[in-house]
Amino acid sequence: MRFGRIFLGLTVLVLIAVGGFVAYAWKSEIPAQEAQLQIDPALRARGEQLAAIGNCVTCHTAPGGKPFAGGLALNTPFGTIHSTNITPDRNSGIGTWSEAAFGRSMREGVDREGNHLYPAFPYDHFTLVSDEDNRALYAYLMSLPAVDAPTPGNSLPFPINHRMLVAGWKMLFFRPGAYQPDAAHDAAWNQGKYLAEGLGHCGACHTPRNALGAEIAEQHWDGAELEGWHAYAINEKSPAPVPWDKEKLAFYLANGFQQIRGVSRGTMAPVTTNLGVAAPEDVSALAAYVADRMGTPSPERIAKGEQALAKAGETSEATPASAAPTADSQAIPSSASARGQAIYQSACASCHESGRALPHGGLNFHLSTAVNAPSPQNIINVSLYGLPAPEGEGGPIMPGFAGALDAGQLTDLIAYLREEFSDQPAWPDLSTRVEDTISGKTRVPLYRSDGTAASPTDSSVRTTPWL
Ligand code: HEC
Ligand code: HEC
Ligand code: HEC
């Protein structure tokens with residue numbers, strides 16, 4: 001009797017919980033809209049700049065596909081998710097979506113029919129976007145040529161293939177709501193934070209994630225590895241040998257390189273390409289906010305930066321000068337370090353100590369964030385596959401050495417670079433990472449400046465033979 005009552009009580013509680021969850025998870029369909037409205041050209045132009053900050057075209061374009069027509073396979077730890085067609089096609093795109101339906105997808109991660117969207121679409125950031133900016137983004141998307149390109153099916157295991165499950169994820173990790181300005185800071189800082197945390201979704205790559213794929217708030221911008229590339233810490237833990245400041249950051253973000261800090265690579269390459277067409281005042285605001293997050297460098301950090309500059313033969317940040325060549329390599333290499341040095345001298349030094357201005361000259365490695373970073377992955381990637389040429393340019397920025405160096409040689413070389421050009425400890429996982437990258441276990445999408453990915457380890461999506 002007593003047990004019966006407890007059982008009944010528990011059942012009622014479970015039913016209330018399930019009912020509550022279903023009520024929370026259930027989203028209504030927003031009716032299909034009939035015809036397209038007139039688009040205000042000024043709103044459309046603003047939308048184009050905002051779409052660049054949101055990196056929409058990078059995720060919503062398949063290799064060789066039409067811009068914004070979707071179909072790019074995103075390989076997440078949970079399975080493959082395809083981006084959707086966001087052109088105004090009424091059949092396979094978002095042509096039937098009203099502005100309200102679009103705004104809800106950005107704010108709540110729900111499609112027009114009411115299905116929950118996977119957070120591979122970074123609505124955990126886009127939720128901060130204002131109604132006004134969503135209106136501009138919508139106007140821009142609706143002005144694009146309609147492309148009929150149905151989205152390929154996802155390959156997600158049970159139970160993740162059920163979109164209802166995303167509602168549970170949202171309950172745990174997702175806080176919807178537009179950006180609320182911080183009164184303690186001025187308008188420019190707030191605009192920078194609004195763009196960086198919202199539309200720019202910098203944390204999607206620069207913040208480590210937990211086992212369920214949500215960003216770990218306590219490690220905001222601490223640096224993370226995603227899609228075969230290490231996105232460095234961009235807060236006070238930045239491993240850059242010479243501290244960044246807001247002017248240098250603004251230049252890097254808009255131009256894709258900075259004279260003494262190198263070229264933007266991997267998944268960052270399309271970010272900077274896109275920011276190149278964003279409004280300069282938005283890029284400045286972003287840069288000022290990032291610089292604020294990095295903080296004022298300590299006197300020790302500044303002194304270390306000066307030392308790195310001196311070692312690289314740069315008298316000051318403003319006047320790049322050519323460096324004197326380091327030790328010659330006549331001795332027969334015996335130790336791993338000597339072997340690495342010999343390879344460096346014959347294969348790398350001619351460009352990386354030439355003193356030629358960037359982006360086409362190689363950075364002196366004393367100044368390289370990659371060499372000083374906690375992960376060797378980016379150097380492995382760049383050494384193997386080089387840096388693909390920007391759209392419209394013939395030769396690569398740097399050739400790849402995949403055919404020329406074997407795993408042992410590459411490991412010796414990179415261990416030498418770490419030892420010679422940084423004061424950081426050796427990378428313990430270097431040789432495993434080199435082997436995994438060469439074997440294709442670590443998939444490394446390469447990006448050229450136009451933002452179209454091609455993976456050198458997956459011939460089915462490789463579009464350009466850069467190797
Ligand atoms: C990191 C990759 C990524 C970026 C950046 C991105 N998206 Fe997406 N987006 C996706 C994926 C993946 C989906 C599909 C999610 C799903 O199927 O649940 C998606 C879905 C959508 C949808 C829902 C469409 C539908 O038919 O259900 C809209 C609308 C959308 N994105 C708009 C945008 C806009 C606008 C931007 C830029 C401001 C943007 N996305 C940037 C990955 C991205
Ligand atoms: C799609 C993933 C991705 C997104 C989104 C992204 N980054 Fe990055 N970022 C990276 C990767 C990967 C690197 C390292 C690339 C390299 O080796 O050059 C990087 C490098 C950087 C660097 C260079 C740091 C250094 O010391 O060399 C800065 C600064 C930076 N990102 C800022 C930003 C900002 C600001 C945003 C948001 C507007 C952003 N990133 C968004 C992936 C991303
Ligand atoms: C033909 C000239 C050339 C050669 C040879 C070359 N590089 Fe590069 N490398 C470049 C250019 C140009 C860049 C882009 C500017 C930059 O970021 O340093 C670059 C960038 C890099 C970067 C990124 C540096 C940073 O932090 O920004 C790494 C790492 C690198 N190269 C490694 C190597 C290694 C290792 C070798 C030898 C196996 C090598 N490179 C040989 C031209 C070259």
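## The iron site of ligand 3

In this predicted model, the iron atom of ligand 3 is coordinated by NE2 of H352 and SD of M398 at 2.0 to 2.1 Å, where donors are N, O and S atoms within 2.8 Å of the metal (3.2 Å for Na, K and Ca) and sites may look incomplete because water is not among the atoms. The site is octahedral, with angles of 87 to 179° among its 6 donor atoms; six donors count as octahedral if opposite donors are over 155 degrees apart and all others between 65 and 115. For comparison, ideal angles for six octahedral donors are 90 or 180 degrees. H352 lies in helix α14 (residues 336-352) and M398 in the loop between α16 and α17 (407-421), so the pair ties together parts that are 46 residues apart in sequence. Helices and strands here are DSSP runs numbered from the N terminus, helices being H or I of at least four residues and strands E of at least two. Both H352 and M398 are buried, a word that stands for under 20% relative accessible area, computed with a 1.4 Å probe on protein chains only.

Ligand 3 is surrounded by 28 residues, of which C348, C351, H352, S368 and M398 are the closest; a residue is counted as near if one of its heavy atoms lies within 4 Å of the molecule. Polar contacts, meaning pairs of N or O atoms within 3.5 Å, include one of 2.8 Å between a polar side-chain atom of H352 and a nitrogen atom of ligand 3. Oxygen atoms of ligand 3 also lie 2.8 Å from a polar backbone atom of L363 and 2.6 Å from an N or O atom in the side chain of S368. At least two shell residues come from each of β6 (262-263), α14, α15, α16 and α17, and α14 gives the most, with 4 residues. By class the shell has 18 nonpolar, 8 polar and 2 charged residues, where Ala, Val, Leu, Ile, Met, Phe, Trp, Tyr, Cys and Pro count as nonpolar, Asp, Glu, Lys and Arg as charged, and the others, Gly among them, as polar.

## The iron site of ligand 2

The iron atom of ligand 2 has H206 (NE2) and M268 (SD) as its protein donors, at 2.1 to 2.3 Å. The angles subtended by the 6 donor atoms around this iron run from 87 to 179°, which makes the arrangement octahedral. Since H206 belongs to helix α9 and M268 to helix α11, the pair ties together parts that are 62 residues apart in sequence. H206 is buried, with a relative accessible area of 11%.

The shell around ligand 2 has 23 residues, and C202, C205, H206, Y232 and M268 are the closest. An N or O atom in the side chain of H206 is 2.8 Å from a nitrogen atom of the ligand, while the side chain of Y232 places an N or O atom 2.8 Å from an oxygen atom of ligand 2, and a polar side-chain atom of T369 lies 3.1 Å from an oxygen atom of ligand 2. The elements giving two or more residues to this shell are α9 (203-206), β4 (229-231), α10 (246-255) and α11 (268-275), and β4 has the largest share, 3 residues. The shell divides into 14 nonpolar, 8 polar and 1 charged residues.

## The iron site of ligand 1

A single protein donor, H60 (NE2), lies 2.0 Å from the iron atom of ligand 1, and H60 sits in the loop between α3 and β1 (73-76). Among the 25 residues around ligand 1, C56, C59, H60, Y118 and R163 come nearest. A polar side-chain atom of H60 is 2.9 Å from a nitrogen atom of the ligand, a backbone N or O atom of Y118 is 2.7 Å from an oxygen atom of ligand 1, and an N or O atom in the side chain of R163 is 2.6 Å from an oxygen atom of ligand 1. Two or more residues of the shell come from each of α3 (56-59), β2 (79-82) and α4 (99-108), and its residues divide into 15 nonpolar, 8 polar and 2 charged.

## The chain as a whole

The chain has 18 helices and 8 strands. Its radius of gyration is 24 Å, close to the 23 Å that the globule rule gives for 467 residues, so the chain is as compact as a globular protein of that length; the radius is taken over C-alpha atoms, and the rule is 2.2 Å times the number of residues to the power 0.38. Buried residues make up 48% of the 467.

## Basis of the values

Residues are numbered from 1 along each chain as its sequence is written, with chains lettered from A and ligands numbered from 1 in the order in which they are written. In this predicted model local features need pLDDT of at least 70 and side-chain atom pairs count only at pLDDT 80 or more, whereas totals for chains, interfaces and linings use all residues, and side-chain values use heavy atoms, with hydrogens and water left out.

Technical notes. Polar contact = N/O pair within 3.5 Å; in protein donor to acceptor, adjacent residues only side chain to side chain. Tetrahedral: all angles 85-135°; square planar, octahedral: opposite > 155°, others 65-115°. Buried < 20%, exposed > 50% of the residue type's maximum accessible area, 1.4 Å probe, protein only.
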